Amino acid sequence: MPYDTLVVEVGSKSNFFNTPGAAQQAIALDSTAQAENFRLQLMRELVLLNELKPQQPKAKLNIAIVGGGATGVELAAELLEARLGMSFYGLENIKPLEDVLVTLLEGGPRLLPALPEKLSQTARELLQERGVRVETSVRVARVTSEGLYDTQDLFYPAQLCVWAAGIEAPKFLAQLGLAVNRLNQLEVDDKLRTEDAHVYALGDCAHTPWVEEGKEGAEPAFLPARAQVAHQQATYLFKVIAARIKGQSIQSVPFHHVRGMLNSLCPWVRRHEITEFREPISNVRENWIDCVMLFG
Ligand SMILES: Cc1cc2nc3c(=O)[nH]c(=O)nc-3n(C[C@H](O)[C@H](O)[C@H](O)COP(=O)(O)OP(=O)(O)OC[C@H]3O[C@@H](n4cnc5c(N)ncnc54)[C@H](O)[C@@H]3O)c2cc1C
């Protein structure tokens, strides 16, 4: 298909970083099918635990989440919430709050590295208060069907392991003859142009430089792979291309990222816990605000 202007927006998928066993044993959550697979495996493990309990009263279901970014933190919170509903399945031998254990493993020194340190600390405290085992500066070295080993050869038992440790863009992007980074993301400028001025890229598959307001002149950072970023970039490119079609040019205006991030830590994070972090938001439904914890 010939084109005058091409916009590449092919997203990303989980990056297992060649960790032995990860692709085979861990569950990624890139698609609805994978999420459904995780739900079914969770149900299966709960039924198995329920059958095992009469013979082994101390048996537990251990769930490990690799990656303490937004996805891993949200999943840990959602699993805590889900435990409250597990008793409805007639699994009379298990006490979900005691028998289902969630461990969150993060390679860096803190959770939610893209957010200010204060928010990372709060997220960690809230998760730990509610029973999640949070381990930072732990790099997972291999994954087996029984659990995970870190680079110190410490073992973390896990019947279920979810991989949320990072992304990579599709490999074919590295074969287009355009510059990419080590995650196969197309290098773009502040107008979302690749090296070829007729080819734009946006969203997870683009590596977009970003200079935070007030930090002009500093070394540019890069925008995170988030829906908010992709959405804002799509809105920007829509205007650029619409103007181009009309024979106008607004290309001199660079893409401006409006900062913001929502991280759900479940309804049990009540409003008094988020007040300190909440910025004015006028168009969010009241009950939804209760589900929101972090704004960075
Ligand atoms: C579990 C999970 C939770 C997340 N939670 C949040 C969150 O709370 N907040 C947030 O901001 N972000 C979140 N994200 C990240 C967010 O989903 C992505 O940043 C966002 O979807 C990126 O948008 P995109 O358009 O770049 O890519 P995508 O939404 O992935 O869309 C790319 C599309 O391109 C299609 N495609 C791929 N290859 C080709 C090809 N060769 N030809 C044609 N089509 C192709 C894909 O099928 C896909 O439909 C989450 C991601 C995951 C996995």
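Which residue in S10 stands opposite Ala 64? The close-ups below start there. Everything here comes from a predicted model, in which local features need pLDDT of at least 70, side-chain atom pairs count only at pLDDT 80 or more, and totals for chains, interfaces and linings use all residues. Residues are numbered from 1 along each chain as its sequence is written.

**View 1. Strand S4 and its two parallel partners, S5 and S10.** The residue opposite Ala 64 is Cys 161 in S10. Helices (H or I, at least four residues) and strands (E, at least two) are DSSP runs, numbered from the N terminus. Strands count as paired if DSSP finds at least two bridges between them. S4 (residues 61-66) and S10 (residues 160-163) run parallel over 4 bridges. With S5 (residues 100-105), S4 pairs in the parallel sense over 6 bridges; here Val 66 has Leu 105 as its bridge partner.

**View 2. Strand S4, covered on both faces.** "Buried" means 20 or more other C-beta atoms within 10 Å of a residue's own, "exposed" means 12 or fewer, and "partly exposed" is in between, with C-beta atoms placed from the backbone. By that count, 6 of the 6 residues of S4 are buried, so the strand is largely enclosed by the rest of the structure. Leu 61, Ile 63 and Ile 65 sit on one side, while Asn 62, Ala 64 and Val 66 sit on the other.

**View 3. An open, antiparallel sheet of 3 strands.** The order is S7-S8-S9. S7 (140-143) and S9 (155-157) stand at the edges with a single partner strand each, so one side of each has no neighbour in the sheet. Neighbouring strands are turned by 25° against each other on average, direction ignored (axes are lines fitted to C-alpha atoms, for helices over the stretch in contact, and angles run from 0 to 180 degrees between N-to-C directions). S7 and S8 (residues 147-150) share 3 bridges, and Val 140 has Asp 150 in S8 as its bridge partner.

View 4. With 8 C-beta neighbours inside 10 Å, Asp 153 counts as exposed.

**View 5. Helix H5 and the glycine just after it.** An α-helix has 3.6 residues a turn, so residues three or four places apart point the same way. Just past the helix, Gly 131 takes a positive phi of about 105°.

**View 6. The ligand, lying between two domains.** Domain 1 (6-12 + 169-245) and domain 2 (18-165) both give residues to the shell around the ligand, so it lies between them; the bounds come from an automatic or database domain assignment. The ligand is surrounded by 16 residues, the closest being Gly 11, Gly 203, Arg 226, Ala 227 and Ala 230 (a residue is near if its C-beta atom, placed from the backbone, lies within 6 Å). Two elements give two or more residues, H3 (70-86) and H6 (227-245). H6 gives the most, with 3 residues.
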